[in-house]
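Here are my notes on this one, as numbered points. Have a look at the model first, then read on.

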Amino acid sequence: MMTLKEAMKIRTSRRSFTDRPLSREVIHMLETQIQEANAHPGQLLDFHLVTNDKKAFSGLLKTYGLFSGVHSYIVAAGKAENIKAQELLGYYGELMVLKAAAMGVASCWVGASYDKSYVGQKLPPSDKLYCVIALGYANDHSSMGEKLARRFIRHDHTPDEVMEVDGSKQPPRWFMDGINAVLTAPSARGKLPVHFSLKNGIVTCHADENMGYEYIDLGIAKLHFELGADYIFYDLRS
Ligand SMILES: Cc1cc2nc3c(=O)[nH]c(=O)nc-3n(C[C@H](O)[C@H](O)[C@H](O)COP(=O)(O)O)c2cc1C
């Protein structure tokens, strides 16, 4: 099976899926990951796997016509207005995305274009619904919606946009490997609003505003940095 680093390189958002249900192995992997994420100290996260349910993505108005054939998705919810919860949500959700990609399953993070009231009604009132992650086996050819999304969203970010370093020094190779991995991270509207810096061997990072999705974007980017650089962000562990 593909490694997570390899999966990170080939992953791209897909929005058009075949009817093929997720395999038993994939469902088992996702349920295990969800259990682990929801058990993270502080009980900040509430992920759920939903299979065989087309209602969250039915109706053109809800999906803006971008999505087709979505029958499986992960509900990504957590404690309301908690920055750490949002970062962790991005981090753990992207781990699921990459593990699924390594098993041949395509995906797309979705913050806006789905039926939020339908998905939200199944959650406890204390939860905040942040996103869903659409999952499935992608159609061979890109749909109209996918072509549109690719055309209007930026994919050509450069290292300089996501790193802040002392200009007089060449950053070490491992840091640049992390930065290049960040460039492959999904983000809301493809904005990639994240910045990583290195001082005395310690990496710090922050994110600019991105329609309320910036901390999720940051959590996703942190996982990519960790995988690319073989670096661990201790603030995510507890
Ligand atoms: C938090 C978040 C929310 C997103 N919301 C949507 C969405 O509502 N609709 C959509 O079509 N794509 C959505 N995306 C997918 C992004 O548009 C996509 O990741 C970005 O364009 C980069 O493309 P790539 O994932 O193929 O690298 C979202 C991504 C993230 C991380």
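How many residues does helix H4 have, and how far does H4 reach from its first C-alpha to its last?

1. Some ground rules. This is a predicted model, where local features need pLDDT of at least 70, side-chain atom pairs count only at pLDDT 80 or more, and totals for chains, interfaces and linings use all residues. Residues are numbered from 1 along each chain as its sequence is written.

2. On to the helix. H4 (residues 83-102) has 20 residues and reaches 29 Å, close to the 28 Å expected at 1.5 Å a residue (the expected span being 1.5 Å times one less than the number of residues). Helices here are DSSP runs of H or I with at least four residues, strands are E runs of at least two, and both are numbered from the N terminus. Just after H4, Gly104 has a positive phi of about 85 degrees.

3. H4 is largely enclosed by the rest of the structure, because 15 of its 20 residues are buried (20 or more other C-beta atoms within 10 Å of the residue's own, with C-beta atoms placed from the backbone).

4. Domains next. The assignment gives domain 1 (1-152) and domain 2 (153-231), with bounds that come from an automatic or database domain assignment. Their centres, taken over C-alpha atoms, are 22 Å apart. Domain 1 puts 22 residues into the contact and domain 2 puts in 16 (contact means C-beta atoms, placed from the backbone, within 7 Å).

5. What does domain 1 use to touch domain 2? Helix H1 (4-10), H4, strand E4 (127-136) and helix H6 (144-152) each supply at least two residues. H4 gives the largest share, nine residues. By class, this side of domain 1 has twelve nonpolar, four polar and six charged residues (Ala, Val, Leu, Ile, Met, Phe, Trp, Tyr, Cys and Pro are nonpolar; Asp, Glu, Lys and Arg are charged; the others, Gly among them, are polar).

6. The ligand lies between the two domains, since both give residues to the shell around it. There are 23 residues around the ligand, and Ser13, Trp109, Gly111, Pro186 and Gly190 come nearest (the shell cut-off is a C-beta atom, placed from the backbone, within 6 Å). Strand E3 (106-110) and helix H9 (214-229) are the elements giving two or more residues. The shell splits into 13 nonpolar, seven polar and three charged.

7. Finally, an open sheet of three strands runs E5-E6-E7 with mixed pairing (strands pair if DSSP finds at least two bridges between them). E6 (residues 194-199) and E7 are antiparallel over six bridges, with Phe196 partnered by Cys205 in E7.

Methods. A residue is buried if 20 or more other C-beta atoms lie within 10 Å of its own, exposed if 12 or fewer, and partly exposed in between; C-beta atoms are placed from the backbone. Two residues are in contact if their C-beta atoms, placed from the backbone, lie within 7 Å.
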